[in-house]
Amino acid sequence: MLRTRGVDVVRDGRYLLRGIDLTIRPGEHWALLGPNGAGKSTLLALLGAVSHPTRGEVDVLGRRLGRVDVRELRAHLGHVDPRHPLRSPLSVREVVLTGHAGTIEPDLYRKPAPETVDRAELLIATLGMTALADAPWTTLSQGERGRALIARALMPSPRLLLLDEPATGLDLTARELLLDSLDLLRHQHPELASVLVTHHLEELPESTTHALLLRGGERVAAGPVERVMTTELISETFGHPIRITRHEGRWTARAAARRAPER
Ligand SMILES: Nc1ncnc2c1ncn2[C@@H]1O[C@H](COP(=O)(O)OP(=O)(O)OP(=O)(O)O)[C@@H](O)[C@H]1O
């Protein structure tokens with residue numbers, strides 16, 4: 001699905017990413033973790049064919065960036081950006097339908113085909129949004145928008161779903177609904193691969209299979225969660241002693257207890 005080899009991104013003489021090697025296969029669900037400024041969004045922009053590396057190779061769905069029409073490639077990717085720049089008062093259904101052509105605004109001159117509308121309804125239901133299908137976007141809560149944007153990103157049946165901090169700003173219930181929807185989606189589409197960026201381990205769905213830890217633009221570790229989501233590696237990534245626990249498939253992170261001062 002995705003392969004990067006020796007990827008550097010340099011802007012204004014500064015390395016934002018350095019020597020990144022990563023391979024993502026169908027059915028894998030990656031967490032991209034790291035502190036502020038680690039390079040997570042920079043890497044996600046490469047994986048989503050939104051920008052190019054300064055050096056190294058990026059293959060997205062088997063196509064080498066720099067040699068393909070990125071607009072054509074993007075049509076096969078589902079990209080969920082919580083800063084979706086919608087300005088007009090569309091309904092949830094209309095927003096989800098714009099995912100078919102990957103535009104922000106609907107095509108006023110072309111009515112969507114009945115099967116496209118059916119698919120939108122199905123995805124709206126999968127994300128638990130049927131009761132709000134006619135609600136105007138402007139009145140939705142952030143959590144409802146998040147779920148609608150995932151439905152939108154799934155319209156073109158992407159093989160790869162990229163999620164940039166989808167749970168940021170959500171209250172507890174909204175976050176749990178979102179994570180449940182992601183678990184369900186991954187269960188229903190076993191070939192789908194995904195990459196989810198977050199700072200918070202509590203925001204990782206149970207179905208997460210792999211993690212890439214980034215610090216200062218460099219890879220601290222990458223691989224299956226059992227090997228990578230450890231107290232030691234997460235502490236190294238965030239530059240602070242953090243204790244990781246996993247309970248019923250979900251993770252929590254706490255600063256390691258300070259030692260009582262010796263008397
Ligand atoms: N176009 C650019 N030119 C120069 N520096 C940039 C550019 N874009 C991002 N940066 C810098 O690159 C670093 C990595 O940014 P990036 O947004 O990828 O980090 P991040 O891990 O997503 O951070 P956050 O968790 O804060 O969202 C930051 O220090 C940022 O200021």
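**Strands, sheets and domains**

Reply: Arg3 stands opposite Thr23 in E2. Residues are numbered from 1 along each chain as its sequence is written. The model is predicted, local features need pLDDT of at least 70, side-chain atom pairs count only at pLDDT 80 or more, and totals for chains, interfaces and linings use all residues.

Me: Why are E2 and E5 called edge strands?

Reply: The open sheet of 4 strands has the order E2-E1-E4-E5, with antiparallel pairing. Strand E2 (14-24) and strand E5 (63-64) each have a single partner strand, so one side of each is left without a neighbour in the sheet.

Me: Which strands stand at the edges of the sheet of 6 strands, and why?

Reply: That open sheet has the order E6-E7-E8-E3-E9-E10, and its pairing is mixed. Strand E6 (77-80) and strand E10 (218-224) stand at the edges because each has a single partner strand. Neighbouring strands of this sheet are turned by 15 degrees against each other on average, direction ignored. Within the sheet, strand E3 (residues 29-33) and strand E8 (residues 193-198) pair in the parallel sense over 5 bridges, and His29 stands opposite Ser194 in E8.

Me: What does helix H1 touch in this sheet, and what angle does its direction make with that of E8?

Reply: Helix H1 (residues 40-47) packs on the sheet, touching E3, strand E7 (160-164), E8 and strand E9 (210-215). The direction of H1 makes about 155 degrees with that of E8; axes are lines fitted to C-alpha atoms, for helices over the stretch in contact, and angles run from 0 to 180 degrees between N-to-C directions. H1 also lies across E1, E2 and E4, running at about 55 degrees to E2.

Me: How many residues of domain 1 are in contact with domain 2, and what makes a contact?

Reply: Domain 1 (2-76 + 159-254) and domain 2 (86-157) divide the protein chain, with bounds from an automatic or database domain assignment. Two residues are in contact if their C-beta atoms, placed from the backbone, lie within 7 Å. By that criterion, 14 residues of domain 1 are in contact with 12 residues of domain 2. Helix H6 (residues 172-188) gives the most to the side of domain 1 that touches domain 2, with 6 residues. The C-alpha centres of the two domains lie 25 Å apart.

Me: What average pLDDT does the protein chain have?

Reply: The chain averages a pLDDT of 90, and 97% of the residues score at least 70; pLDDT is the predictor's confidence in each residue, from 0 to 100. The predictor gives the complex an ipTM of 0.95 and a pTM of 0.88.

Key: Helix = DSSP H or I, 4+ residues; strand = E, 2+ residues; numbered from the N terminus. Pairing = 2+ DSSP bridges.
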